[in-house]
Amino acid sequence: MNPVPIRGRRGTNHAIVLGAGIGGLCAARALSGAFERVTVVERDTFPAVPGVRRGVPQGAHVHSLTPGGAQILEESFSGFVEELAAAGGTLAGALDELDIVFFGLRLRQVPLGRVLQVSRPFLEDRLRARVQALPNVDLRTGLEATAPVATGSAGVTGVRLARPGEADVVESVDADLVVDAMGRAGRGAAWHRSLGYEEPATQRLHVGVAYASRRYRVPPGALGAAKGVLIGATQARPRGAVLTQQENDAWVLSLYGFGKDNHPPGTPEEFLGFADGLLVADTRAALRDAEPISGISSFRYPASVRRDFHRLRRLPEGLISIGDAVCSLNPIYGAGMAVAALEAKALRACLDDGGVEGLPRRFYREAARAVRLPWLFSTMADRSMPQVPGTHPVLAGLLANAFRATMRAAASDARVAAAVWNAVSLTGSPAELARPRVMASVLRHWSPPRTATVGALPGKD
Ligand SMILES: Cc1cc2nc3c(=O)[nH]c(=O)nc-3n(C[C@H](O)[C@H](O)[C@H](O)COP(=O)(O)OP(=O)(O)OC[C@H]3O[C@@H](n4cnc5c(N)ncnc54)[C@H](O)[C@@H]3O)c2cc1C
């Protein structure tokens, strides 16, 4: 971290971050080491007790923080993982306390470290407390960013703020750097046009995924030894279930499906029925007996979106976008928060290396690196699903075969299981999957399976 504040473009040394989600909070931490003052502006006001809020409706659904993501947060917020565990969060042994079934096959349960499992509101609440404890960061809530302020060739020099839902601007705030962390809606990208610049090209993959989730209080041990169960969708059964133990012995069950016919129901009567064939009978029975501590929340996720800011020929100085505003990944792969944290880490490195001059270009180059492999992995997996339009059936079949062969190898070969986990959890490089011994094992499993694939977890079904 650069201890000397960098000189602002106009000498104010002030950065403003729009949005206090995971991307915004991580960005604020990165900026706090470089700017004299950082202001985070959030449209929502925060509930006194951590809970789902309007600006982050996805907070009701399972939010796994990959070990790679936790590692990055730990670099910026020392002791963060232990703090959350001490406050009631669950630490689950990966992979020995997790049951993970991808493409119909269970990942071999090799011990590979620990995963922090908490709800999104709990994680965000603790992260926000850490950011608010930074002496030069100010968090302002109940204010909506409506437009950038630009001054001739200086680019963006501030932002206009209003009360949410009201047209009147209540104030204009000057800043040397404005960071758009307002989520996937893409306001920052649209601002480019209003400033006389091109908007970035947008890649969209229509996945048509929907979620339904409910939280439960479960008596200790009632769900067996595993602290998390992840049953991924398959081409034949494009539905999935994630059940994880979170803070204070609460569990969340998130169900999802590709395509309208597979969207999970939002009614209590039908909700658990969707899990038939995904979760074993014992687990379903334990959930039926458990105490629901929330209603059922539904969420539609039509498309993964990636904005190629790094390809723009001209970029306005003083404005960058981060997190979902750059790339929103299909949430079933659970990587969005880790990627946002990785981009914030890149922002910090760019500031340390060269300050604010030419920052947007340097930052977007690094952000594109952070996003490249998670985007490739998730879109390749999605393209193997027949419900996702636009992929030639031959390519979809090839991708499906490749994923199945990898998972068949990962079911028995600890080295392949570790490589798959490291790639998916952003703990290691996906290049591990291309190592000769891993590739050889995958190729040995390339032929069609002789035995039936696993759907639900084995149990007393
Ligand atoms: C159903 C679902 C499940 C998911 N599960 C996982 C998971 O398991 N693991 C994982 O890593 N990721 C998961 N994600 C992805 C994750 O939620 C995002 O990648 C992550 O939150 C990105 O954070 P962000 O800060 O960029 O955006 P957001 O979290 O969307 O935050 C944007 C913030 O900006 C504020 N805001 C918006 N407009 C304005 C404005 N005009 N002015 C001021 N403030 C504004 C909003 O109120 C909000 O606080 C999931 C997503 C979904 C939809």
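Tutor: Cys26 is buried, at a relative accessible area of 6%. Buried means under 20% relative accessible area, exposed over 50%, and partly exposed in between, with a 1.4 Å probe and protein chains only. The model is predicted, so local features need pLDDT of at least 70 and side-chain atom pairs pLDDT 80 or more, while totals for chains, interfaces and linings use all residues. Residues are numbered from 1 along each chain as its sequence is written, and side-chain values use heavy atoms, without hydrogens or water.

Start with the sulfur. A disulfide is a pair of cysteine sulfur atoms within 2.5 Å. The structure holds 0 of them. Cys26 is in no disulfide, and its nearest cysteine sulfur, in Cys350, is 15 Å away. Seen from Cys350, the closest cysteine sulfur is that of Cys26, and 15 Å is too far for a bond. Cys350 is also buried, with 6% relative accessibility.

Now the space around it. A cavity is a set of points, on a 1 Å grid over the protein atoms alone, where a 1.4 Å probe fits but cannot get out; lining residues have an atom within 4 Å of a point. Points are joined across faces, edges and corners, and a volume is the space filled by probe spheres set on them. There are 3 cavities of 30 Å³ or more. Cys26 lines the second largest cavity, together with Arg29, Ala30, Ile72, Leu73, Ser76, Phe77, Ala341, Ala344, Lys345 and Arg348. Helix H1 (22-32), helix H2 (67-76) and helix H8 (336-354) are the elements giving two or more residues to that lining. Helices are DSSP runs (H or I, at least four residues), numbered from the N terminus. H8 makes the largest contribution, with 4 residues. The second largest cavity holds about 70 Å³ of space.

Its lining splits by class into 7 nonpolar, 1 polar and 3 charged residues. Ala, Val, Leu, Ile, Met, Phe, Trp, Tyr, Cys and Pro count as nonpolar; Asp, Glu, Lys and Arg count as charged; the others, Gly among them, count as polar.

For comparison, take the largest cavity. About 90 Å³ of space lies there. Its lining has 13 residues, and Gly51, Arg53, Pro121, Glu124 and Arg128 lie nearest the centre. By class, that lining has 6 nonpolar, 2 polar and 5 charged residues.

Note on methods
1 Å grid on protein atoms, 1.4 Å probe; cavity = no way out; pocket = protein on both sides within 12 Å on 5 of 7 lines; lining within 4 Å.
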